Amino acid sequence: MPTTSGHTTAILASRVRGSSVYNVDREKIGNVEDLVLDKTSNEIMFAVLGFGGLFGMGEKYFPIPWSKLDYDPEAGGYVICVSRDVLETAPSYSLNDLTKNDGQVSRATNEYYLKAM
């Protein structure tokens, strides 16, 4: 089944990882580092956006609700319709902390982007 932008709804996670992410101004802001899945509901909890570091040092990891990312074939990556400032003030975590806390990260992420958008 195609999405509103015309691509199919099925994609391998391995193809998503490493994809570029752009903000509303089409500036590249980072890459999809990983996807976090809910083992009990079989849904994507969020994508993990990595940005802010230099050569892998000091990079921050930001959970982004999967529903907030839209694939743009022209850009060859995903677009999130918020400014860089909104992303830079979003909650960030270490990679290890993203899967702890029984959904607290997911709830905090969804609440933040609901207010920001």
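Colleague: Let's start with a side chain: is Arg17 buried, exposed or partly exposed?

Modeller: Partly exposed, with 47% relative accessibility. Keep in mind that this is a predicted model.

Colleague: Which residue does Arg17 meet in a salt bridge?

Modeller: Asp34, with an N to O distance of 3.8 Å. Asp34 is in strand E2, while Arg17 is in the loop between helix H1 (13-16) and E1, so the bridge ties together parts 17 residues apart in sequence.

Colleague: And how accessible is Asp34?

Modeller: Asp34 has a relative accessible area of 33%, so it falls in the partly exposed class.

Colleague: How many salt bridges does a search of the whole structure find?

Modeller: It finds 4. Another one of them joins Asp72 and Arg26, with the closest N and O atoms 3.3 Å apart. That pair links distant parts of the chain, since Asp72 sits in strand E5 and Arg26 in the loop between E1 and E2, 46 residues apart.

Colleague: Why does Asp72 count as buried?

Modeller: Because its relative accessibility is 14%, and the cut-off for buried is under 20%.

Colleague: What's the phi of Asn42, then?

Modeller: Also near 65°, and Asn42 isn't a glycine either. You'll find Asn42 in the loop between E2 and strand E3 (43-51). Its relative accessible area is 69%, so Asn42 is exposed.

Colleague: OK, zooming out. How many helices and strands does the chain have?

Modeller: There are 3 helices and 6 strands. Along the sequence they follow the pattern α-β-β-β-β-β-β-α-α.

Colleague: What share of the residues is buried?

Modeller: 32% of the 117 residues. The chain exposes about 7,500 Å², and carbon and sulfur atoms supply 50% of that.

Colleague: Among contacts with a separation of 6 or more, what share is between residues 24 or more positions apart?

Modeller: That share is 42%.

Colleague: On to the inside. Which residues touch the most other members of the largest nonpolar core?

Modeller: Val21, Val32, Leu49, Ile64, Leu69, Ile80 and Leu87, out of 18 residues in that core. At least two core residues come from each of E2, E3, strand E4 (60-64), strand E6 (77-80) and helix H2 (84-88).

Colleague: Pick Leu87. What is it in contact with, leaving aside neighbours within four places in sequence?

Modeller: Leu87 contacts Ile29, Leu49, Phe51, Phe62, Ile64, Ile80, Val82 and Tyr113. There's also a second, separate core of 6 residues, including Val36, Val48, Leu98 and Val105.

Colleague: Aromatics next. How many aromatic pairs are there in the whole structure?

Modeller: The search finds 3. In one of them, the rings of Trp66 and Tyr78 have centres 5.7 Å apart and planes at 50°, so the pair counts as tilted.

Colleague: Tyr113 was on the Leu87 contact list. What's its relative accessible area?

Modeller: It's 0%, so Tyr113 is buried.

Colleague: Last one: which residues do ring pairs link into a cluster?

Modeller: Trp66, Tyr71 and Tyr78.

Notes:
Residues numbered from 1 in each chain as written. Predicted model: local features only at pLDDT ≥ 70, side-chain atom pairs only at ≥ 80, totals over all residues. Heavy atoms only, no water. Helix = DSSP H or I, 4+ residues; strand = E, 2+ residues; numbered from the N terminus. Buried < 20%, exposed > 50% of the residue type's maximum accessible area, 1.4 Å probe, protein only. Core = buried A, V, L, I, M, F, W, Y, C linked by side-chain atoms within 4.5 Å. Contact = heavy atoms within 4.5 Å. Phe/Tyr/Trp six-rings, centres within 6.5 Å; stacked < 30°, edge-to-face > 60°. Areas by Shrake-Rupley, 256 points an atom, 1.4 Å probe, with all protein chains shown as cover. Salt bridge = Lys/Arg side-chain N within 4 Å of Asp/Glu carboxyl O.
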